[in-house]
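Open your viewer and get ready to click along. We will go from one selection to the next.

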Amino acid sequence: MALAETFTRNTGPISRPLTALREFGSRPAYTGAGMDALVAWVDEIAALTQPARIHWIDGSRAENDALLRDMVAEGKIIKLNPEWRPGSYLARSAPSDVARTEARTFIASAREEDAGPTNNWADPAEMRETLNGVFAGSMRGRTMYVVPFSMGAVGGPLSHIGVQVTDSAYAVASIGIMTRVGDAVTKLIADGAPWVKTVHSVGAPLAEGEQDVAWPCNDEKYIVHYPDTLEVWSYGSGYGGNAILAKKCFALRIASVIGRDEGWMAEHMLLIRVIDPRGKAYHVAAAFPSACGKTNLAMLRPTIPGWRVETLGDDIVWIRPGEDGRLWAINPEAGFFGVAPGTGESTNVTAVETLWGNTIFTNVALRPDGDVWWEGLTDEAPAELTDWEGNPWTPASGRPAAHPNSRFTVAASQCPQIAPDWEDAVPLDAILFGGRRATNVPLVVEATDWTHGVFLGSTISSERTAAAEGTVGELRRDPFAMLPFCGYNMADYFGHWLKIGQQSRFDRLPRIFQVNWFRRGSDGRFLWPGFGDNSRVIDWIIRRIDGEVPAVDSPIGRLPRLQDLNLFGLTMPTEDLEELFSVDPASWQHEADLTEEFYATFDGKVPAALQSELAALRYRLQKA
Ligand code: GTP
Ligand code: SPV
Ligand code: MN
């Protein structure tokens, strides 16, 4: 009982002067032109936003501990019961700030055409004026943290560095898990390394003596990217990709632009090493839209005997052509910001084990014993909980206890199956594209070649999830799972993919596949068991790569022969299996119509090679 009191006591705002963190935060004493430029920029942002104090993050364990301690004392986060969840915390966001806000996300490129029809374009000069307005004094009464971060190992050959200034301690703690932060990065900047500028404010200045709230934010939000000057400005939100600017804003939107110019790719993908029963290793990257199974596949535990998977990354992959003609990939992140609901012993036991401690949970439910819970963690819900909004909850409440986009933030190194060399680059053997499709799209289809694979990637559509604001379940195009994350014109991005293929040796390029774990029967249930059983699909993919099994040509690509699927130990009606691979030409002609409509939105910019693929698809469907 005493414990429960400790946990619930910390939920409300508590007025107490900060003490612990005061020992930290002084500017590192590095010198040099790089340092001068950094200091000048920090001063400039401080002059605009007028914080009460500036704290330079050194990245030390002691500093992080003090930061978390202060947040608990201020009622910003709840310390979980260390007996169940050591070093772990629960944050509850404002109910209006629970996911990425795509409608408020902008690409401010000089030319509108460079943002393209799938992005919100903003005139850079006008947007600067708007932002100067909203950021003016936006950090009043708050601490401005200066957070130097590296995406990829500090100083690594494929790594990039940046600095985020932010007035959110929660963002600082999250960035500390998701990236490599601290003095080592500041030193690189001081020594002249190029870096990206990112500015974040929750947009909730505090007046003298004003009591803070647990999750400050602003109803007005701006998530703005300047691809021409490689800057990010985010205002009004404290949540996920809106606030951890190294993640979607930098490592995808800005990095995709850098990649376009430098000949590499920044992708919304997971990355795994699959080890077959003979001990041979293969590297697979997969692009699925938000909340469509990347973290789950990244932590796959094969249900077929003899196979193993090592995790390398779960959300972002940077891919670069190597001198050997292969495509080499790194996971630039250092942690997982994963969807909690649906993560349980029977679906993703690896994630459950990863979350043993040192985790920040956001918008999950709190148990009376000071541990956390969410839908799907256990089959049965606890009798009593406090829901994500802080209200009492029972299974009879008739609403989810955890928000559908509630998340965990945890270091990658805690994953029990993380690859020992997860910070290094690996050569890709296969690339998978997927989405949530109740109909039409088979469990797996192999592209006939790179160009056909790019065509498949460009046509991906998926039912919307809770990871972004919008209507859940609605089908939308999400090419390469990059719709919300491509920092330039998506048609040019398709062209970039084609170019990477043309520049590489065709026999060394990864093979491309489309997968769909989410096809449903006429009765509405999933036809495929998914999760660990997805290893059966990977098994087939690898046997295709090694040329061990033939495939069946279909109008939409190459399909497996059912007898080549490893279904050992799986009981599944043959009708379901057949339905998983059925290709209905009439429905696919309709898909082709929709693709044509989608391509037409790009004003003739879609590469001719992809238009030819569409025409060829129609031709094959007519003959079928
Ligand atoms: P982001 O972090 O938003 O980019 O999401 P993600 O792509 O990493 O998605 P994640 O792996 O977190 O999965 C999201 C939801 O999909 C969870 O509720 C999972 O339980 C569910 N899911 C994942 N894999 C499968 C699968 O193979 N079959 C089924 N039916 N559901 C799955
Ligand atoms: C996604 O939405 O794809 C995420 C979560 O990975 S966020 O970082 O908020 O973008
Ligand atoms: Mn994601």
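A pocket here is found on a 1 Å grid over the protein atoms alone: an open set of points where a 1.4 Å probe fits, with protein on both sides within 12 Å along at least five of seven lines. A molecule sits in one if more than half of its atoms lie within 2 Å of its grid points. Select ligand 1 to begin: the space it takes is the largest pocket.

This is a predicted model, where local features need pLDDT of at least 70, side-chain atom pairs count only at pLDDT 80 or more, and totals for chains, interfaces and linings use all residues. Numbering starts from 1 along each chain, chains are lettered from A and ligands numbered from 1 as written, and side-chain values use heavy atoms, without hydrogens or water.

Next, show the 22 residues around ligand 1 (a heavy atom within 4 Å). Ala291, Lys294, Thr295, Asn296 and Arg407 come nearest.

Now look for polar contacts, pairs of N or O atoms within 3.5 Å. Oxygen atoms of ligand 1 lie 2.9 Å from a polar backbone atom of glycine 293, 3.0 Å from a polar side-chain atom of aspartate 315 and 3.3 Å from a backbone N or O atom of glycine 342. The protein covers 91% of the 660 Å² of accessible area that ligand 1 has on its own (Shrake-Rupley method, 1.4 Å probe).

Finally, select helix 9 (294-298), a DSSP run of H or I with at least four residues. Helix 9 gives three residues, the largest share of the shell. Zoom out: ligand 1 lies between domain 2 (266-334 + 421-623) and domain 3 (335-411), because both give residues to its shell; the bounds come from an automatic or database assignment.

Definitions and conventions
Polar contact = N/O pair within 3.5 Å; in protein donor to acceptor, adjacent residues only side chain to side chain. 1 Å grid on protein atoms, 1.4 Å probe; cavity = no way out; pocket = protein on both sides within 12 Å on 5 of 7 lines; lining within 4 Å. Helix = DSSP H or I, 4+ residues; strand = E, 2+ residues; numbered from the N terminus.
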